[in-house]
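Okay, thanks everyone, let's get going.

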Amino acid sequence: MEIDFADPGFLRDPYPTLARLREHAPVSWHAGTGRWLAASHAAAGAVLRDRSLGRLWQDKEPAAFFAPFNLLHRNQMMENEPPAHTRLRSLVAQAFSRGHVERLRPAVAAEATALLAAAGPDFDLLADVAEPLAVTVIAELLGVPREDRHRLRPWSAAIVRMYEVAPSPATEAAAVTAAGEFAGYLRRLAARRRDDPRDDLISHLVAARDGTDRLSADELVASAILLLNAGHEASVNALGGGVVALLRQPDQLARLRADRTLIPAAVEEMIRYDPPLHLFIRTATADVTVAGVTIPAGAEVAALLGAANRDPAVFADPDSFDAGRDPNPHVGFGAGLHFCLGAPLARIELQAALAALLDHAPTWALAAEPVQRPTFVLRGYTAVLLTQPPPHA
C-alpha cells in the first residue's frame, strides 16, 4: 500500500490512511521512500527496541554544503548507538539528575499562568502560550540569557523542518544556516559558562566536558541543541494538538474540569492521540524479522508512532480522546535505548499548561478552525485561536 506523505488531505488527517496501512499489514514496503513502514503497536515497538535496528547517521551530501547540519547530528546521542550513545546519554543524564528538571515545576506553573494572564480572553494558544512557555522552560534549563531567547525558536524551527520526508532546497538551506548560527552561539555561551559557571545545564555540560570522561566541544553543542529542539517542538505540538482534541470532544473537557486529578492522564492521552512525532527511522545492522517480515541488513524501517498509538489491538476506542485512559502504553516518547530523555520535562510543562488553561477561564472554545502545519513527521498547528464565550453562549 502506497502513501503520499505530501498529500494535503493526508497531512490534514493522516489517521484514516494509517489505519488502512495497519490493517493491510503490520509491516509494509513503501517504494516512495525506499523503506519499510511499521504501523502496528507491536511492530513499531519492536523496531524501537530491537538492538539489531540502530540509529546510524550518514552525513547528508554534498558534505561541504551540509557541514553545519551534519556536525550537529553526527555528535548527538539520538544519532548514535552504543558505546557512543551510552557515553553521551550518561553525561547529559548526569546533568538532568542534579534536579534541574523537577526544580523547574513551580516556575513552569507560574510562567504558564503569567502568559495566560497577559494573553487575555482571546488568544493564540501557540504564539501566546505554548511557544513562549516552551522556549522559556528549555532556555531556563540550559541557562540561555533572557535577552537571547528570542533567537532560539527560529533556529530550532528551521533545523527540524529537515526531518520531513522530502525537504525542499529552501528548507535545506535554511536548516544549514540555522545550524551554523545556533552552534556558534552555544560555543560562545559555553566559553562564558566555563569562566563563570552557573546552576544550569550548559555549565554542567561544560563541567562534564572538562572531566575525565569528557564531552568534546562539538558534542556539547550538539547535545544542547538536541535538547532544545526536541524539548520545545514536542511540547508545543503536543499541547496544540491535545487542546484541539479536547475542544472537539467537549465531554472529555468537562470531565477534566470536574476532576483535576486526571490532568496527568490527559497529558499522556494528548501524546497518544495526536503525537508530535510521527516517524522514527532505524537501520538494520543485520537481517532482522519484525512481525514476520525480514528487514535485510542495510535497509531502513520507520516506526509510525501515530499509527501505533491508534492500534485497536492495544487501545479501546483508539480514535476517541479519553482523558482518563488507563493503561496508556503509547509510544509517543519512543521506547528502548532512545526513549526520550526529556519526557519528564515535557510532562511537567504540559501538565502546568493544561492546569493553567483550566484555571484561566470557566470555558474556552475555538475561535476559528485551527491551521494545520503542512508536515507529517513533526505534526502540529501553526495557529490555534481560542476565545472565552460570553456566559449566555
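So, which strands does helix H3 lie across? Helix H3, residues 41–49, lies across E1, E2, E3, strand E5 (279–284) and E8, and runs at about 125 degrees to E8. Axes here are lines fitted to C-alpha atoms, for helices over the stretch in contact, with angles from 0 to 180 degrees between N-to-C directions. Helices (H or I, at least four residues) and strands (E, at least two) are DSSP runs, numbered from the N terminus.

Quick housekeeping. This is a predicted model, where local features need pLDDT of at least 70 and side-chain atom pairs count only at pLDDT 80 or more, while totals for chains, interfaces and linings use all residues. Residues are numbered from 1 along each chain as its sequence is written, and side-chain values use heavy atoms, with hydrogens and water left out.

Now the sheet under discussion. Five strands make an open sheet, ordered E1-E2-E8-E5-E3, with mixed pairing; two strands pair if DSSP finds at least two bridges between them. At the edges are strand E1 (27–30) and strand E3 (53–54), each pairing on one side only. Strand E2 (residues 35–38) and strand E8 (residues 300–304) are parallel, over three bridges, and Ala38 has Ala303 in E8 as its bridge partner.

There's also an open sheet of three strands, E4-E12-E9, paired antiparallel. E4 and strand E9 (365–366) stand at the edges with a single partner strand each, so one side of each has no neighbour in the sheet. E4 is joined to strand E12 (residues 385–387) by two bridges, antiparallel, and Asp124 sits opposite Leu385 in E12.

On to helix H6, residues 105–119. That's 15 residues reaching 21 Å from first C-alpha to last, close to the 21 Å expected at 1.5 Å a residue; the expected span is 1.5 Å times one less than the number of residues. Which residues of H6 are buried? Val108, Ala112, Leu115, Leu116 and Ala119 are, buried being under 20% relative accessible area, exposed over 50%, and partly exposed in between (1.4 Å probe, protein chains only). Looking down the axis of H6, those buried residues fall within an arc of 95 degrees, so they line one face of the helix; the arc is that of the directions from the helix axis to the C-beta atoms. Over on the other side of H6, Pro106, Ala117 and Ala118 are exposed.

What do the buried residues of H6 pack against? Strand E4 (123–124), helix H7 (125–142) and helix H15 (343–360). The axes of H6 and H7 come within 10 Å and cross at roughly 150 degrees. The contact (heavy atoms within 4.5 Å) involves residues including Glu111 and Leu115 of H6 and Val129 and Leu133 of H7.

Most residues other than glycine have a negative phi, and most peptide bonds are trans. Here, a cis peptide bond joins Pro82 and Pro83, omega about 10 degrees, and Pro83 is in the loop between helix H4 (67–74) and helix H5 (84–100). Another cis bond joins Asp326 and Pro327, omega about 5 degrees. Ala291 has a positive phi, near 50 degrees, and at 48% relative accessibility Ala291 counts as partly exposed. Asp317 has a positive phi too, near 45 degrees, but at 52% Asp317 counts as exposed.
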